[in-house]
Amino acid sequence: MKKRWNRAIAALFVAAFLAFPAALKAEEPKEKLDIIKPVPFTAVHLDDVFWAPRIETNRSVTIPYAFGKCEETGRVENFVRAAKRLKGEKLEDDQVRGFSFDDTDIYKILEGAAFGLSVKADPKMEKYLDELIAKVAAAQESDGYLYTARTINPEKPHGWAGKERWENVHLLSHELYNMGHFYEAAVAHYVATGKKSMLDIATKNADLLCETFAPGKNEKWPGHQIIEMALCKLYRTTGEKKYLDLAKFFLDTRRPKGEGNQRGRTYDQSHRPVVEQEKGVGHAVRATYMYSGMADVATLTGDTSYITAIDRIWENIVGTKLYITGGLGQPGGPEGFTQDYALGNKCYCETCAGIGNVYWNHRLFMLHGDAKYYDVLERSLYNNVIDGVSLDGKKFFYPNTLSSSGTGRRPERSEWFGCACCPGNIARFVASVPGYLYATQGKDVYVNLFAGGKGELTVDDKKVAITQETEYPWKGDIKMTVDPAEDCEMALKVRIPGWAQNTPVPSDLYYYMTKSDAAPTMKLNGEPVEMKIEKGYVTLDRTWKKGDTIELSLPMPLRRVLANDKVEADRNRVAVERGPIVFCAEWPDNGGTTHGLILPDDSELTSTFEKDKFGGIELVKAKAQMADMEKSGDEVVKADHELIMIPYYAWAHRGKGEMDVWLARNDEAIKAWLKGNK
């Protein structure tokens, strides 16, 4: 057992990101591009006050809860019914309900559960997974096809599926999307447990896809991307190059075909060949998954045309379509992108899109070694992504709006959804957060995120441990102790976040109202270090000895953030942040309303740490004003008000009501709001 868990710890990050297990059949896959490698999340053990409790809640509460919801809502029963149909049994109920992608809710939670097993043994959970996987296996057709939305009733399949297999694969059938999530779960389960029960199902299906989709055969593209990333993971695990070839084919065939419903559309990024695309368009989850898949295929094939395209798209999104919380998904968009700078605050910012944004920016960092990608990743992680799940792990946001009236569509977190993509996605993601802290390339070691705990790295075949002591994100003091097994030549690259350099995002989309004179400082073994920052990193290149220490101090003043004037919704408005955390005003703290709040530019902001609120948060206060939204018109009627703001991720734990991230700076913003909301 110990040997098996050791293997899981050494290998699991393959499933979550871009590491390499030994190939099962062919030669070990090799990348054509020399990229930075992430340190597996199983090799990073956090004990901090921020992430460690969330990761444990995810493992012990969210994952079992989500499995329970899949049982309760019939998602598990779908596999049982499909298996009965395959055995020739007559079904009392053969109606296909729900969505064509409901199977993926189980697959994503399976992946998260596998991640949990790789960190902490749980015989009860492992037994449950074995039984659930057996149900999935029984629902797979003899040639490898796995899709309960058809198998339950082939004569009357799901309305999005089409009469025949693959008929609507480029539209809404989600046959390939389902399998993408299954492959990712299968690889995670294999490296966590050593069992091939899921992996055998996955490769049988992937072999069918390789026979079905090819030039001159079926040339339809996946309607919802993720199969591209998943096939790359399957290739890395099995060494079967045909899986990589299929991933590339799915990208290259994604282009207008000039016939019928294959003419291409921006909704699923099929409007132009992927290497010719220039802007973020369409559905944000589909988009970020595709961009991530393009990065993977480029890494494995050496085709840099994909990188040129996603670099170009990144500039557009980060420059014109990114929310201050790191979210993606504008009002009026197809759960995604609309026009440049159209960043209305009653927005979508889907949890899944936030996770996709993290995946994409992580891959861009590994390709380019620039901390600007981590500036976007961290912003999304600490705000948009974790807002998607309640602190108790049992309620979820699908969209993550920046302004709420407490009414309308999803004004509070829900226990579950009919379209339940986000709960499963957050369940599989949270366990992997420690894997974003460190990365290596040769003798270079990157420290990208800050959290208390210990990372166990290998640098040029030498073992090195790095221990962080910090109360980040509430305090900017980080002490790192480096413990190599033997003296080690190493270039330690410590990220200095953009927000600590007076740059909230790596574009002119947002900027701080005033420049802070408080600068980051660093000490090595007690001696000051020159803060020479290149690509966002301070590099300490030396021979490291056991017990060497780095002390990094990142000042965390409260900052007022302003938006580019092209963002009409935020003109004459201000947001507040401290370190990586964006704050919001919520109704319970502000007399039952927030839409009328005015925060003058000269009002002093103060903050205190409240350990008993929301598991411990920084609370922001300021002397402000409250406009009377019933009486205000051409002349704004207002009164003095004591403003209280909480971290954005903590809102919606106290019932439905108003919330705002962007507050008025003056009367003009109130007038504009009243005009637009009459």
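This is a predicted model: local features need pLDDT of at least 70, side-chain atom pairs count only at pLDDT 80 or more; totals for chains, interfaces and linings use all residues.
Local features need pLDDT of at least 70 and side-chain atom pairs count only at pLDDT 80 or more, while totals for chains, interfaces and linings use all residues. Residues are numbered from 1 along each chain as its sequence is written, and side-chain values use heavy atoms, with hydrogens and water left out.

**View A. Asp 102 pairs with Arg 75.** A salt bridge here is a side-chain nitrogen of Lys or Arg within 4 Å of a carboxyl oxygen of Asp or Glu; in this one the closest N and O atoms sit 3.5 Å apart. Asp 102 is in the loop between helix H4 (75-86) and helix H5 (103-119), and Arg 75 is in H4, 27 residues away. Helices (H or I, at least four residues) and strands (E, at least two) are DSSP runs, numbered from the N terminus. Both Asp 102 and Arg 75 are buried (under 20% relative accessible area; exposed is over 50%, partly exposed in between, with a 1.4 Å probe and protein chains only).

**View B. Asp 589 meets Arg 654.** Their closest N and O atoms are 2.8 Å apart. Asp 589 lies in the loop between strands E20 (581-586) and E21 (597-598), and Arg 654 in the loop between E24 (638-647) and E25 (659-660), so the pair ties together parts 65 residues apart in sequence. Asp 589 counts as buried at 17% relative accessibility, whereas Arg 654 is partly exposed at 27%.

**View C. Arg 665 bridges to Asp 601.** Here the closest N and O atoms are 2.6 Å apart. Arg 665 is partly exposed at 22%, and Asp 601 is partly exposed at 36%.

**View D. Glu 111, Glu 184, Lys 233 and Arg 428 form a salt-bridge network.** Over the whole structure, a search turns up 46 salt bridges.
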